[in-house]
Amino acid sequence: MEKIEKKKQSSTTVLQSEKLIVQFGGLKAINEFSFQLSDRELHFIIGPNGAGKTTFLDVLCGKTKPTSGNVLFKESIELGKLYEYQIVRKGVGRKFQAPSIFPSLSVMSNLEIAMKQQKGFWHILRAKLSEGDKEHIHEMLTLIGLKEESNRTAGTLAHGQKQWLEIAMVLMQDPELVLLDEPIAGMTEEEEEKTGELLRTIAKDRAVIVVEHDMDFVRKFADKVTVMHEGTWLCDGSMEEVQQNERVLEVYLGRR
Amino acid sequence: MSYLYSKKTLVILGFVILLIMPFVLAPFNLNLLGRFLAYAILALGIGVLWGYAGILSLGHGIFFGFGAYAMAMYLTLQSGGMPDFMGWNGITELPWFWAIFSNPIVAIVLAIAVPMLFAGILGFFTFRNRITGVYFTILTQALVIVVTTLIISQQQYTGGTNGITGFDTIFGYSLNSVTTQQMIYWTTVIFLGLVFLICYKLVNSRFGKVLIAIRDGENRTRFLGYNTSIYQVIVYSFSAGVAGLAGMLFVLQVGIITPSMMGIVPSIEMVLWVAIGGRGTLIGPVIGALLTNGASTWFSQTYPDAWLFFIGLVFVLVVVFMPKGIMGIISTIQARRRAKKYGKDRKEEAKLYNSSSI
Ligand SMILES: Nc1ncnc2c1ncn2[C@@H]1O[C@H](COP(=O)(O)OP(=O)(O)OP(=O)(O)O)[C@@H](O)[C@H]1O
Ligand SMILES: [Mg+2]
């Protein structure tokens, strides 16, 4: 308990990008973007369409390689140089924009293969679901409110439930950094609320980056907000601060 | 899960029936069934590869063929020394790559290990470079052409289009005797059971779930921390080894192997058995191989010209109307029946139903 308290006070930098550039042909989707994230922070990234938000998450999880610059995870791990699966094993979990779960596996099996474990072939071949694993999975199912659905084929879940299942799959890996791309897209108001609470719970013991368009949602749940525009850093701060920023207003209202 | 239980019982029952067939069938028909069972073993390997891991190989003929050639080479050497075609082509000394097959253990090990190794290396370079889907499938087809062309062109070493035949003993027993053929039949049935069991364990383990995950969302699986290409390499290599085993058992019962038995058309037919029987199950490929080949034999004897059209038509119909094959139809009927029995809404029932992997 004491240890946790201590950890909470000394907020360390989990993630840092310095002059990151990602170029697609002639287009700089990310242009000298610098970004910093502390532990246990619920950090939202907002910005107009095509600002480079998704691309930034892609770089963090290894899907896209930076053209120049790099991103440091936990001060020493250079994410730009690793494969996707290696990044996951270092402790970065990503939830995609469209729910991507495994539709023909049961909810339980989805979580079983997502679980933090050795993911080499030899270990997986002999792996058995232990009592501890089951308990862990059931805790997670309770957290996302799918306890009753554990044996159901995941493809038959409602849209919102799929989104939560995917969040749970990310959490099962026990990541230190969670990346979520528009997690509430397509959700009902009630589901949105539930998701927001879930995000808060998650951020209690890990850093979270959320890309989101819904300003009411951001206002309600963000610790800190970073605004991106045309691949660059525009400003950051609390939602109130950001909203009063001249340049942000320009970008969002389209004045030049 | 009484449903799963009954399926298991059926599989065991089927196995027992296969075991007593030598007392029921005439030698000629037993020999036919034995060949089909060798095909069924091959189909199991393709079934795991395609049905579970989602990798479509249209080139399993070469692995099957390698197993068959390895066994045929051993049989030739032990029943009569150097093959005739070498003499006709002016080769007087047995080349080293033939000589090693004179040892039965070496021949059997190589028949399985070489396809596994070859598939492993090929898979490593393709899957690691993320060549999957259609591109991979086309590559496997191209490979069949390369290999069969090579065999045909190296007539002095391979027997060319005529292949290898003319061997008539194994371990000193006549290959044509009824008892030997019965023994070979039983060996085939036992290997079928063994391969079935291994596949069953495989697809129902966490490994099997990861294969399904890769099939349904390779990228997603990567972002769960899996090095998916290693899994693909392993399952491809496994199914190649199974094909090699099937090839060995096949040649023992047919007495000949030629390039045309492992070429493009057979390679595609192998996949059809799985499609017809049912993808994503293990019973499906076995049933598909048995039924298709049974029908093929009957049909091609009765209407030799129409057979190819017929199989083509069946394939189109299966793809369009029953994408999950025979097993898919069976499970739909069963779901309907259960729904009636329990008076539940059928849709609701189907929703909750989690297909068992057998
Ligand atoms: N793989 C790619 N190849 C070429 N251009 C790309 C690629 N991915 C993204 N882009 C371009 O990079 C820019 C940034 O895209 P990105 O998806 O990161 O924006 P975003 O901030 O997530 O936008 P949205 O809010 O619409 O999701 C866009 O102009 C997009 O067209
Ligand atoms: Mg986006």
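A:D174 is partly exposed, with a relative accessible area of 41%, where partly exposed lies between buried (under 20%) and exposed (over 50%), judged with a 1.4 Å probe on protein chains only. The structure is a predicted model, in which local features need pLDDT of at least 70 and side-chain atom pairs count only at pLDDT 80 or more, while totals for chains, interfaces and linings use all residues. Residues are numbered from 1 along each chain as its sequence is written, chains are lettered from A and ligands numbered from 1 in the order in which they are written, and side-chain values use heavy atoms, with hydrogens and water left out.

**Backbone of chain A**

- A:D174 sits in the loop between α7 and β7 (177–181) of chain A, and its phi is near 50°, a positive value in a residue other than glycine.
- A:E32, which is not a glycine either, has a positive phi of about 50° and belongs to strand β2 (residues 27–38) of chain A; helices (H or I, at least four residues) and strands (E, at least two) are DSSP runs, numbered from the N terminus.
- With 45% relative accessibility, A:E32 also counts as partly exposed.
- Most residues other than glycine have a negative phi.

**Where chain A meets chain B**

- In the interface, 38 residues of chain A are in contact with 27 residues of chain B, contact meaning heavy atoms within 4.5 Å.
- The two chains, A and B, bury about 2800 Å² between them, 59% of it on carbon and sulfur atoms; buried area is the accessible area (1.4 Å probe) that two parts lose on being put together, summed over both.
- On the chain A side, A:F102, A:I113 and A:F121 lose the most area to chain B, together 21% of what that side buries.

- Four salt bridges are counted between chain A and chain B, each being a side-chain nitrogen of Lys or Arg within 4 Å of a carboxyl oxygen of Asp or Glu.
- A:E112 forms a salt bridge with B:R206, and the closest N and O atoms are 2.8 Å apart.
- The side of chain A that touches chain B receives two or more residues from each of α3 (84–90), α4 (107–114), α5 (121–126) and α7 (159–172) of chain A.

**A residue of chain B**

- B:T297 lies in helix α14 (residues 283–302) of chain B and is buried, with a relative accessible area of 17%.
- Not counting residues up to four places away in sequence, B:T297 touches B:L32 and B:F36.
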